[in-house]
Amino acid sequence: MNMKKLSIILIAVSAVLMFPLSCKKDFLKQTNTFSSTADATFQKPQDVVNLVNSIYDTYQNADLLKKSIWYYANFLTHDWFNNGADIVWNYYAIPSDFGALPAFWNNAYIGVARANASFAIIANAQKKGVITQALADRLTGEAYFLRGMTYYYLAGTFGGVPLELNAITTGLTPRASQDDVFKQVVSDMKQAETLLLSKTTLPTSELGRATKGAAYGFEGAAQMWLKDYAAALAAFNNTELTSNYHLMPNFVDVGEFDHQNNDESLFEIQFEISGSQSWDGGWQAGGEVAWIDDFSWPQEISGFGYDYGNPGLWYSYQPGDLRKAVTIIGPGDENKSPGIIAKWGGIKGYAVVQSGFAAGSATYTGDDGKIINTCGTLLHPWYGTDGTPRSGYYCAKKWRDPNLTGANGNSTIFGSQNQILLRYSEILLDRAECKVRTGDIPGAMADLKLVRDRAFGGTAPAVMQDGARVDGSPAAPITDPLQMVLSEYRHELTAEFSLMYDLRRAGPGVAAQFIHNAYNTSAAANNNINQVIYPYGPTHDGKTHGVWLNDLPAGRDILPIPQSAIGLNPNLKQNPGY
Amino acid sequence: MIKKLQIKNVVAIIGLSLSLLVMSLSGYAQSGKVTGTVTDGSNGTPLPGVTVKVKGTQATSITDINGAYSINAPANGTLQFSYLGFLTYEVAVNGNSVVNARLANDTRSLSEVVVVGYGTSTRKDLTGSVASVNAATIAKVPVTSLEQALQGRAAGVQVTNNDGAPGANVSVLIRGIGSLASYGNGPLYVVDGYATSGGINNINPSDIESIDVLKDASATAIYGVRAANGVVIVTTKKGKKDGVQVDVTAYTAFQGRPKEYKVLNAQQFATLANDVAANSNGNFQTFDAWKDPASLTNVDWQNAMYRTGITQNYSVALRGGTDKVQSATSISYYDQKGIVLGSYFKRVTLGNNSDYQPVKWLKSSTSVKYSYQDSNNPFGTGSLVQLSELPPTLDGGNKFTNQPSDGKGNYGFYNPIYTYVAKYSNPVNTVSNDRYQNITNYLLANTSLEAQVIDGLKIKTFVGINLTTFTGSFFQPEDDRLVQQYGSQAGASQNAFYNQHLNQTFEWLWENTISYNKTFGKHGINFVGGVSEQKNTWNGMGGSGIPPNSIIRDLSQVTNLQLDANNPVGSNTGNGQNIYSFESQFARLTYKFDDKYFINGTVRRDGSSKFDEGHQYGVFPSGSVAWRAKQEDFLKDTPWLDDLKIRGSYGEVGNQGSINPFQYDALYSTGLPAASSGNLGYPFNKIYQKGTASTQPPNPSLKWETDYITDIGADLAFMHGDLTITADWFNRKSKDFLLLLAAPAQSGYNYITRNVGSMQNKGFEFAANYNHTISSDLKYGIGLTFTTVSNKLTSITSGTDFVTNFGGLSVQGIGWSTFTETHVGQPVGEFYGYKSLGIFQSQAQIDALNASAQAKGKGFYQRTVTKPGDRYFADTNGDGGVDATDQTSLGSPLPKFYGGINLDLTYKAFDFNAYFYGVYGNKILNYTESAMESFQNRGFVGVQNVSADYYQNRWTTSNPSNTYARATSNDDAIGSNLPSSAWIQNGSFLKLKNFTVGYTLPSNIANSLFLNKLRIYLSTQNLFTITGYKGLDPEIGIQGGNATQNGIDNGTYPSSKFYTIGINVTLK
């Protein structure tokens, strides 16, 4: 072995030996450039604000708002029916694998988890001086409010649900009782009431954030679920509510596109346009714009017609009630939305109507031979163009966004109209119910009168009486104070996000009895799938038009826990009605 | 130059036929006694134990320790020398008394060199399970990629051409599916010693010397945490010491148009549309233009989009060397024009291997492989299904033309006002006007320095890099033709769009090893140990051009390229950097005694940055034993058995399941841009504010997947090595799959990456090769591989016993989100859906079922809208009605067995090769057929073309079919085409993958042309397929790399027949 070889070998051997030594401990430590860790994330006030924004974000979901909360609030009352893939709602046979339920459940719990996680992060950021005490309070209040509101809708829809309150959980918690969940709602709202800003101090730029008033509103509603009407009244009478929120003078303005975030609204889910509003952008690309409004327009206008009204609701409005024409319209009724009239001149302005009329289609021709400007005509009600039965009555409350055209015209399908979850007239009606429950009938009547006077454009008739019963026979005056409140819930709040919740809250069996009375439903077998021939009016032509009048079966006043949630958390037990 | 080459070639070892032997003759004798010495032709060492036989007699002798023999033979007799590992050699005595023989190595035999991790072995010394494919086999079939060369050639290796698109990936499964993770089942590829983390796109198949597939844990454990799916070791050709060889190969292949679906022409389609409209209660209204079917112009979309493909491939290699320096250089060019309009694949490869040994104890080896690839597949798998769906007429659309293209710049389009066709676009227009670019450069280079310290002890340092760069762009011109003709009712114009992406993966590897290889008498020791570091860095940037106005029709006008907003890791559109690293120590010790008993132990300790501190290191041990029974006295003289070895091994190996880094860490994200559902923000006062949320909980205990593999095998040889058989039984248990799995939302996350579940693959592999030389003019060989794998899931998460399909394959249609469900105890990816009982024939039948459903508390039997002619599903759970809970297992996409048959025949100057590949016992979910039996374009408001078969046989009142449902425009509501047993078909097939006839010029003519060898051949691929499958091609693999979506025929790019003419030339 010569020296040269020896030296090379020495170098090589030492390289082999040195290699492990050269493996510094951090060779396996890398830095993530795509997502950040908690420590790296919350360095500026906006970071912490963003954390709370993401809780609100869980509500920007059409399956949650429309197909879960809205369906529950309105299909279960038989005021509205589905046409399309979800007609099981029409006869109370909602399957536990109904597609939208997991969207509701999952978004709700992810929102809860984001709220749970935020408390410590906000506190830590405040301790480190990243945010001020005031901002910390507001953000903490928002997190409490959103968690409480989410539990409110979860318990209202499913009964008792698991209470997840900690930042870290396996997610295997079993269900709590319905009362325990509403107690948690009360507790969260009480925290929020102390921490949130008042509506009067919330900067305009932050419009849409939870306020003290909204917290009092949901607290009162939750107290009503707990039958603590005195506590509910205390919440409803708080000046944050009574001083800062007012009925809009004209009922129609409550739901108008150009009156979003109005003086009557306590809390609404905000939408704005990002990207395209047609299939390619809004739906295919999954933009968080809402397919809530034109979903329900007549198929003749939008190509959809996926939900439609019960003629019985149309008949039930007392003569002179201005709410009717902006809630449900049928053959011969114009769309009275000021926004729609301003943009299109009414129904006649839509491209599909104009081209259809030009082509001589009877569908788009009025009974006078001119271009149609009504929601169908008595001669040619709009039952839909696909041959599947619809009643010819449609939701005018959600026909307000003048930008939308449905699948016709320029295919603007997805809108940015906010969805109001709670508004002041519901607070007044809630307060009336509380007063009925606590024996203050005059007080209750006074609250009802506030709502009804506005509905009638001045002074409501002294006698409260439906326009007609489902068969066209005259309705009897409503004199029972509780029934008066329930009837007002229906006529004021139908097609919004409250009605069935308020009816079920009134007590076991109350909702089923109310629906039974309102629609003369019958105790057909559970899941009776047969629609009936509506016995009265233009639709009474001896054919079926998508109207079901079966009783709400026992146990079906709440929805099934999503099967997928049970699959992932075996500790969840299904509701006994399913 | 040519002359110089010829001189050197005197001693060249090119071509086995020339190097078989050199015979020396000395003296002349009348006696019958012949003596001589038998030596190894490759190195001249004496060969003891060689059987020497006088042909046609019983006279036999065996060579002694010095290779010497003595035998009585007639002067005009023929001696036959046979010895395991060498080709049998015959020579005439010709009256000589001394006949020496040099035997040539038989590369097929057990003495072949097998490349194992960090070293080599010989087949007879192997204790693990290794399948090998050599250059000669690869050369028989014109293949684009080395995976294709493996198909059917190696037992236990299932290769599926998922997709016939030019340059498409091929899926390789070694011993079944061992992971549920997406892209978690591919083997580790080691190219010239470099363990790559990506694919092996940079290799020119004709550069491959050998492919060795390591299958059991004993063989793979040296690769630790990356070894669970097997290791494919690719060794490229090197220069040989003596002489120069120049190889030129070229071929041109014509690819025929694929089989086409038989769909309706315009007249039939319009007739069907009018018929459906008439029976729909106004539910569906036909298009005015279709009301007179006879007036329509037919458009055959398959005809418009398919064409004859052509492939050209050229390769030149120069290999050779001297004692100290050997070099091999190759250049190749591959150009494929695909059978679908717009598809192509071009590849240039450059390769060099250099070895330099200046002194006996020091050696360097360098391997450099570069590849440039340009591929495009604008209308491929996933889109092609449209060709059978698009309505076969464009009448009522573009006023200028009702053809896909009129050749004057006008392209037909569908009427944008008629809702039922409005969403369709003309693919000929798209392919003709959109601009795509996908260019990838691959560089794999490594170099090593090896020193022999003392006899048998070597130290080596090895450094390599692997670089991949991708640049891609897409331009779509503005298109306002619809608006021009139809005004605003046509919707918005298509705006111009441009995007461009660049990304780069750079990886380096440094390994130092020490090895000791020594024989002491009957004891042999082989040790290798080492340390390794590897680091992989991905960088990506991508942006979109926002044209200043919407009238851009030209790429050159694109401006304002802006970086895309944050995109997730893994999409090649992300902006950012992604790094992971490995560090490892490993060792292997093999001890053998008397060439009879072998024992092997391997261990690797791998550290991976993909896991959290404290969970980064895994130790993967394995052990194996082998007994070469033939060497025992009691078998030594058994004449019919030439070799018998029995092997057994057990070990643990790991799998990182292709997970992205940082899955263990608690992460926050600001989500996707506002205009997507992945945003986390929310508008206040109608102005969007960003959101931030935790997207991933901490999961510090996350770790690699582990496989426990047991293998028992035997290697046998008969008939002087002409027949070799290898058989293995294996049991592979895999656990702790790294899955992004649905989590209870109560946890705050819809999905969490977890270690869950376990699976078992048990199977049997068999490979047999028989080669026989009848005369010097006639030789033939038969090769057979056969593999059975039985797969079952043995557990999933606590609380659940199944997992549904995940991995993103989306098939259109309500109810099609779930089409497989893997239950514990069942094979992975089992199809799942309704059991079809035929077609409802009458309203009375439906009414009766509804009545009995109502008696059981159900509202109805199947659906409220069910009518005669709809598909009738089984109430499998007996609850009275059909709903989601009645879905059931419909069969497995996994074959009961698969294998290949290879036939070789050489007759004089002609050679023939036929090679069959087949699978048996699997099912295919024929989604395409379900689509072609739905007049509705499912999941959308729209109608589509259907198959002619369906049109002619569909249920009508006058044709009460029990197989085909009635035609409707709203199958989403009716559900006749839900995932059901109606679409499950037998997927067994036997395909003639290759048939080649070659002709080699006689050597005297070749020599006169200064050629060493010239072979021309005609070859055809996919000539025929024997199958009962009703779709176009039953060769359907895993989609999206995920085992839960396997065997779904959703209209892949079809493979079709190739006809190839080629030439192989070796220059002197």
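**Close-up 1. Y597(B) sits in strand 28 of chain B, residues 597-608.** Strands here are DSSP runs of E with at least two residues, and helices are runs of H or I with at least four, numbered from the N terminus. Y597(B) has 36% relative accessibility, so it counts as partly exposed. For this label, buried means under 20% relative accessible area, exposed over 50%, and partly exposed in between (1.4 Å probe, protein chains only). Together with W627(B), F634(B) and I646(B), Y597(B) makes a nonpolar surface patch of about 390 Å². Such patches take residues with over 30% relative accessible area and no salt bridge, joining nonpolar side chains (Val, Leu, Ile, Met, Phe, Trp, Tyr) within 5 Å and like charges within 9 Å. A salt bridge is a side-chain nitrogen of Lys or Arg within 4 Å of a carboxyl oxygen of Asp or Glu, and the areas come from the Shrake-Rupley method with a 1.4 Å probe, with only the protein chains shown counting as cover for residues.

Please keep in mind that this is a predicted model, in which local features need pLDDT of at least 70 and side-chain atom pairs count only at pLDDT 80 or more, while totals for chains, interfaces and linings use all residues. Residues are numbered from 1 along each chain as its sequence is written, chains are lettered from A and ligands numbered from 1 in the order in which they are written, and side-chain values use heavy atoms, leaving out hydrogens and water.

**Close-up 2. Two hairpins share strand 20 of chain B.** Strand 19 (residues 325-337) runs antiparallel to strand 20 (residues 344-359), joined by 13 bridges; pairing calls for at least two bridges found by DSSP. K337(B) has Y344(B) as its bridge partner. Of the 6 residues between these strands, G342(B) in the turn has a positive phi of about 90°. Strand 20 also pairs antiparallel with strand 21 (residues 362-376) over 14 bridges, with 2 residues between them.

**Close-up 3. Helix 18 of chain A is largely enclosed by the rest of the structure, as 11 of its 13 residues are buried.** Among the buried residues are Y489(A), R490(A) and H491(A). After the helix comes A495(A), with a positive phi near 70°.
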